[in-house]
Amino acid sequence: MTTARMLDDWEMVVGLEVHVQLKTRTKIFCACATNFGAAPNVNTCPVCLALPGALPVLNAHAVELAARAALAINCTVNPTSVFARKNYFYPDSPKGYQISQFDKPLATGGFIDIGHRADGSPIRICVTRVHMEEDAGKSIHDRFAEVSAIDLNRSGTPLIEIVSEPDIRSAEEAGAYLRVLKQILEYIEVSDVNMEEGSLRVDANVSARRRGETTLGTKAEVKNLNSFSGVERALEVEFSRQVALLSAGGRVEQQTMLWDERANEVRPSRTKEGSHDYRYFPEPDLPALILSTDWINKQRDDLPELPAQRRARFASEYGLGAYDIDVLTAGPRLAEYFEAVARAHGDPKVAANWVMGEVLGQLKATGQGLDSFNVRPADLAQLLDLVRDGVVSHTAGKQIFNHMLATGGLPSEIAVREGLIKVDDDAQLAAWLDEVLAELPAEAKRFRKGETKLQGVLIGATMKKSKGRADPKKLAQLLGKLAE
Amino acid sequence: MAITIEDVRHIAALARLGMTDERATVIVGELNTILSHMDALSQVKTEGVQEAIGVGARGLPTRSDSGPPMPLERALHTFAPSVREGFLLVPRLSTHESPADA
Amino acid sequence: MSQPSPAAKALIEDTIGLRCSPSSTVDCAIARADAVGAGQEHLNIFVSTDTADARRHAAATAAMLGDQTPALLCGVPVSIKDNIATTTLTTSCGSRILEGYVSPYEATVVTKLRAAGAIPFGKTNMDEFAMGSSTENSAYGPTRNPLAHDRVPGGSSGGSAAAVAAGIVPIALGSETGGSVRQPAAFCGIVGVKPTYGRVSRFGLVAFASSLDHIGVLGATVDDAARGLHVIAGHDSRDSTSVDCEVPEYYNAHAFPLKGMVVGRPKEYFPENLDARIRALCDASLERLRGLGAEIRDVSLPHTELAIPVYYIIAPAEASSNLARFDGVRYGLRIEGDGLRGMYEATRSNGFGAEVTRRILLGTYVLSAGYYDAYYRKAQQVRTLIARDFSTVFASGVDVLFTPTAPTTAFKIGAISDPYEMYMSDIFTVTANLAGVPAMSQPIGRVDGLPVGGQFIAAHFNEMKMFTAAYALEHALGSEVHV
Ligand SMILES: [Mg+2]
Ligand SMILES: [Zn+2]
């Protein structure tokens with residue numbers, strides 16, 4: 001039977017572990033800067049170099065960001081959580097242990113809704129836990145011959161680890177989970193969530209079972225995933241590998257697999273399973289982290305509107321369609337920009353069309369961000385008013401928009417300066433029309449003979465001649481008279 | 001729970017302590033003697049007794065998210081065993097060598 | 001023969017009164033060190049000394065003179081245990097793995113000492129990483145007891161105790177995890193105090209077992225110890241376990257009355273097999289206290305016998321993790337081997353001595369998969385019971401407890417080879433580390449010419465009561481303690 005058929009009999013079961021770097025100024029346990037691009041080992045101090053006698057002190061802002069993230073994905077933030085030592089030797093882990101959280105994590109029991117199944121039922125992925133920990137330094141293997149180079153600038157950068165339940169059933173769901181999570185984290189501004197820059201990292205626990213089975217199969221952990229699409233492809237590949245094994249009567253080994261982006265394959269890492277024994281125990285240098293209910297509630301109250309809420313509101317408040325809403329709420333900045341325009345102008349549909357067309361088009365073309373964008377929402381709204389009120393034609397509106405892009409000027413001023421105010425004085429319109437009829441004698445003749453479909457051609461030519469200023473309705477009337 | 005030579009080899013590996021078989025054999029004896037005294041604990045009733053962790057029951061103090069960090073009176077390269085171009089050097093690792101193998 | 005150092009109080013007054021200069025004080029200490037043979041070939045008290053460095057510190061102190069507010073340890077030379085970070089002398093922890101290592105930052109207690117006008121004077125020898133009770137486990141050779149050169153000074157702060165006992169300095173900093181300040185104080189006939197956990201910052205103290213580690217003070221007299229502790233105590237935002245509560249003037253504790261104070265005599269500290277002469281000296285001291293108006297009350301701390309097993313699970317467990325940073329990558333010894341793993345194993349097996357290796361292995365074992373609950377978790381629960389014993393007696397109206405500091409006097413160098421027998425010399429001191437309560441040892445007499453220490457233990461942050469009792473007993477016993 002074909003691989004495809006074979007795969008149909010099996011179900012993919014996936015849980016994701018996502019590491020997210022928190023956007024703090026300083027490291028989680030010392031006052032060293034977290035900025036990138038510094039010379040090697042420059043952002044280090046006695047604490048993050050693990051010098052003998054140095055001690056960790058927790059960064060309050062890291063706790064706020066971690067709690068904010070946990071609350072945004074519906075977790076319960078625990079009033080008492082405990083830091084623990086995860087003991088292992090590696091040159092980029094200077095203390096010989098990572099300060100993390102183990103049996104008493106910061107938060108537990110959340111969920112993320114990532115869309116709907118074919119039958120319309122919501123797809124909800126449960127989140128087991130969110131815990132805080134410190135990042136490791138960087139080991140660079142290709143810098144020098146014979147030796148590896150260690151840079152501890154990143155060591156001690158605050159991380160949260162978000163662990164999902166094995167609720168994910170397909171590569172697409174995994175991709176959706178990651179995109180929704182990334183969008184939420186962007187909205188609450190806790191991280192740059194950039195997988196390429198490593199501020200978001202993903203490991204996947206994958207197993208396969210016959211459809212209908214309820215027990216979990218043996219899982220393999222897939223690492224070295226460095227893009228969302230990579231995650232999806234890696235899951236498919238690992239799933240097929242396991243299904244091939246199982247349906248041939250073999251069994252899956254509990255092991256770590258490494259995703260090879262270029263070769264589009266997974267390879268077992270050299271790690272012998274069981275050689276891991278992290279000997280977790282409570283970090284004696286840090287008493288239990290105690291958070292008051294008031295503090296936790298405040299963090300919850302201070303959360304900004306989240307993507308799902310904003311999508312619902314855009315539907316009810318502006319009556320926009322699903323597609324428009326998805327585009328406009330993709331990122332918090334664009335959504336805020338659209339709302340500013342819609343509120344100031346009054347017609348959300350028109351605002352949506354301009355933002356999705358002109359604004360997004362321009363941003364995509366130039367690759368710039370809204371923060372550096374020349375056209376302020378209030379000015380765009382004014383332009384839309386001018387078009388609506390017939391002060392300028394739609395065509396002229398587009399020209400004015402291009403001027404605003406270049407100069408950032410006010411639409412009203414540009415309209416006057418560039419002479420783009422709509423002209424409806426009959427004499428001027430007639431004059432333009434006569435010129436056009438003279439330039440296009442054949443068409444003029446046929447039109448007069450009653451070939452009214454030529455009206456469009458003639459109006460177009462006249463609009464052109466008027467540099468978009470002519471009022472097309474009036475032109476139509478004038479032409480109408482000619483036709484009789 | 002008597003410790004075997006395999007246990008000693010395992011924990012010596014976890015602790016990255018090189019050890020000859022002779023030494024390991026001696027250690028087995030020493031650790032078993034010491035641990036035999038620990039068995040007294042198993043007799044103690046501790047149901048529902050809190051573990052004495054987080055010595056400061058007052059909770060964990062935090063610092064504000066600001067610098068500067070504590071300065072070093074001497075730069076890293078003056079005391080690190082092997083440094084080049086600001087990097088700390090260690091014997092070559094394979095790209096995806098995991099901590100368990102290191 | 002040069003004279004032993006004067007008491008801190010006299011030195012401070014003379015320095016502030018300009019009757020003696022910090023530099024002359026340092027010269028006296030140097031002369032005394034030479035006279036007693038503090039050098040490596042003889043008593044082997046110091047891991048590193050630098051007369052030029054001491055004189056620089058003396059000059060810094062001299063420069064402070066004339067300020068309106070006289071610094072609290074002005075002109076007092078203070079020796080510092082070699083596991084406390086100093087930027088001009090080594091911090092080698094008595095270990096090969098840190099041979100010659102000089103810290104690029106300074107421990108909070110050292111900064112406080114210098115700010116108080118004290119003169120850092122030498123880094124003292126110790127059991128490697130403070131693991132031991134005799135200072136025989138030093139990579140730099142054993143320290144000898146100044147009172148009996150063929151005997152140990154106790155440990156792990158043996159060098160600091162010897163520096164004070166030899167009259168080189170009136171005050172020295174030590175550290176303890178299970179009694180490493182009080183036990184050597186007892187063996188050397190001086191005073192050793194361990195404050196409440198969190199009272200003194202651990203920032204810059206090279207960690208052995210973080211939840212048990214304390215920096216303590218050794219002094220020739222109760223007053224010396226009180227002044228030393230007062231200066232180094234206080235909150236430090238660099239140590240998350242440091243407690244923010246006001247520090248009383250311990251050196252004024254003698255002004256408070258002993259009369260009416262309730263002194264508990266815990267029976268578990270006076271077992272059948274306790275050396276009769278040590279028991280007699282303790283009871284004699286209790287009689288003196290009664291004579292001074294204290295009420296002596298028999299009490300019980302039922303879980304005491306479990307202290308050693310609990311301690312030798314928790315301390316090695318934390319140590320196995322704390323000592324993982326010594327990996328040859330960033331500082332200290334590095335020995336190349338086969339690849340990274342070979343480098344790790346060569347560096348660590350050559351850098352650590354036998355006792356440190358033993359405890360790292362023990363600690364790794366009790367934390368490893370399958371054993372955590374039976375050992376580490378269980379030990380932490382029993383530790384709670386031990387701490388409750390103390391809170392219960394103190395809640396019952398007992399102000400301080402009085403016990404022997406150690407079951408024996410200073411033993412001969414090389415006399416104890418069995419690790420567990422060595423561990424038992426902490427039997428009366430580990431409890432205070434496990435509970436985090438303050439405790440101190442002071443001389444109460446001699447057996448066969450060797451000092452015996454008596455120990456006061458108080459409730460958390462009640463160091464004042466402890467010092468009040470200690471001042472009174474010291475005054476009552478007078479010179480008897482030295483015969
Ligand atoms: Mg993690
Ligand atoms: Zn740092």
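Begin with chain A and chain B together, between which two salt bridges are counted, a salt bridge being a side-chain nitrogen of Lys or Arg within 4 Å of a carboxyl oxygen of Asp or Glu. Before going further, note that this is a predicted model, in which local features need pLDDT of at least 70 and side-chain atom pairs count only at pLDDT 80 or more, whereas totals for chains, interfaces and linings use all residues. Residues are numbered from 1 along each chain as its sequence is written, chains are lettered from A and ligands numbered from 1 in the order in which they are written, and side-chain values use heavy atoms, with hydrogens and water left out.

**The interface.** Select Arg143(A) and Glu85(B), which form a salt bridge whose closest N and O atoms are 2.7 Å apart. Widening the selection to the whole contact (heavy atoms within 4.5 Å) brings in 54 residues from chain A and 42 residues from chain B. The two chains bury about 4200 Å² between them, 64% of it on carbon and sulfur atoms; buried area here is the accessible area (1.4 Å probe) that two parts lose on being put together, summed over both. On the chain A side, colour Phe89(A), His141(A) and Phe144(A), which lose the most area to chain B and together make up 14% of what that side buries.

Donors are N, O and S atoms within 2.8 Å of the metal (3.2 Å for Na, K and Ca), and water is not among the atoms, so sites may look incomplete. Distant parts of the chain are linked here, since His19(A) sits in strand S1 (residues 10-21) and Glu133(A) in strand S8 (residues 122-134), 114 residues apart; strands (E, at least two residues) are DSSP runs, numbered from the N terminus. His19(A) is buried at a relative accessible area of 15%, and Glu133(A) is buried at 3%, where buried means under 20% relative accessible area, exposed over 50% and partly exposed in between (1.4 Å probe, protein chains only).

**The strands around S8(A).** Phe111(A) has Cys126(A) in S8(A) as its bridge partner. The two strands form a hairpin with five residues between them, and Gly120(A) in the turn has a positive phi of about 85 degrees. S7(A) (residues 107-116) also pairs with S3(A) (residues 76-77), in the antiparallel sense over two bridges.

**The zinc ion.** Now select ligand 2, a zinc ion held at 2.3 to 2.4 Å by the SG atoms of Cys30(A), Cys32(A), Cys45(A) and Cys48(A), in the spacing C-x1-C-x12-C-x2-C. With angles of 100 to 116 degrees among its four donor atoms, the site is tetrahedral, a label that requires all angles to lie between 85 and 135 degrees. Cys45(A) and Cys48(A) are both buried.

**Salt bridges elsewhere.** Finish with Asp327(C) and Arg330(C), whose side chains meet in a salt bridge (3.2 Å, N to O) and which are both buried. Back in chain A, salt bridges that share partners join Glu305(A), Arg310(A), Arg313(A), Glu317(A), Glu339(A) and Arg343(A) into one network.

Methods: Helix = DSSP H or I, 4+ residues; strand = E, 2+ residues; numbered from the N terminus. Tetrahedral: all angles 85-135°; square planar, octahedral: opposite > 155°, others 65-115°. Pairing = 2+ DSSP bridges.
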